[in-house]
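I opened my notebook to look at side chains today.

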Amino acid sequence: MRIRLDEQLENLNEELISLGVLCEKAISRSIEALRQQATLNEEQISDLNLQIESKERSIEERCIKLLMQQQPVARDLRLISSALKMVTDMKRIGIQAGNIAEIVDINEATNGFKPFKRDLNDDGDMGRVRTGNEISEDDTPSNTQTEEIPPIYQLPELGDEIVRMADATRQMVTESIDAFVNKDEETANKVMAKDDEIDRYFVEIKDEIVERLKKSDVHGERAIDLLMVAKYLERIGDHAENIARWVLYSIEGKVR
């Protein structure tokens, strides 16, 4: 009976590692897109998220069967309960990485430009923005304006800061999974400490965006994109910290 349980726990461990690899892949793709080193599309993002969700359900079912059909001792119960908690955080990491990729993908689809229509008054000044339904057949290229919207990775300083934050977040995710694989308390504690760094990145980026908006030094639409990306990265860091906490619980039996 014990041998059978050990085999099933080992299979559970392998599935968790596999899910962790998918999460790392999701966030890596997002960071590559932020660096403009990869082209993403909705099909790629959706496929990866489906793999993560499928793996999550498989792990949850395995955990429930272990609890119902086996007689796990305290140490085994800690591993199983930790696994149930970790898969939720891993799934959310995948979803939020996908959200970042979608923002970057839509961002790049505009090719850095956004056309818009405005009314020209008698003095030649720009008036209100006209909606698509208000554009008449008499509109000519002379009153069609093209507003340049720089892609995220081209925004001075802010784009670089986002990439640095993304790299630090990816490292957190990788190390949290390594801590689980190796049952490494030191690495798990390191991940938890690193969350403060991610939080500082978020505050700095948010404050810088606010200052840039006050000075009209950054396009509003891209500023919102940047803030959303930073928030998703901050949440991914929180989930990586949660994984590290559950790794420590599975080892020590204490919830931090």
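Which residue lies over the face of F202, and how many Å from the ring centre? I found K231 there, at 5.0 Å from the ring centre. For a charge to sit over a ring, NZ of Lys or CZ of Arg must be within 6 Å of the ring centre and within 35 degrees of the ring normal.

Some notes on my source: this is a predicted model, where local features need pLDDT of at least 70 and side-chain atom pairs count only at pLDDT 80 or more, while totals for chains, interfaces and linings use all residues. Residues are numbered from 1 along each chain as its sequence is written, and side-chain values use heavy atoms, leaving out hydrogens and water.

I also looked up F180, and K183 lies over its face, 4.3 Å from the ring centre.

F180 turned up again when I checked L16. Leaving aside neighbours within four places in sequence, L16 is in contact (heavy atoms within 4.5 Å) with I59, A83, M86, V87, M90 and F180.

Next I looked up the largest nonpolar core, which has 59 residues. Such a core is a set of buried Ala, Val, Leu, Ile, Met, Phe, Trp, Tyr and Cys residues joined through side-chain atoms within 4.5 Å. Buried means under 20% relative accessible area (1.4 Å probe, protein chains only). L12, L16, L34 and M165 touch the most other members.

Last, I searched for aromatic pairs (ring centres of Phe, Tyr or the six-membered ring of Trp within 6.5 Å) and found one. The centres of W246 and Y249 are 5.5 Å apart with planes at 90°, so I noted edge-to-face, a label for planes over 60 degrees apart. Both residues, W246 and Y249, are buried.

Notes. Buried means under 20% relative accessible area, exposed over 50%, partly exposed in between (1.4 Å probe, protein chains only). Rings of Phe, Tyr and Trp (its six-membered ring) pair if their centres lie within 6.5 Å; planes under 30 degrees apart count as stacked, over 60 as edge-to-face and the rest as tilted.
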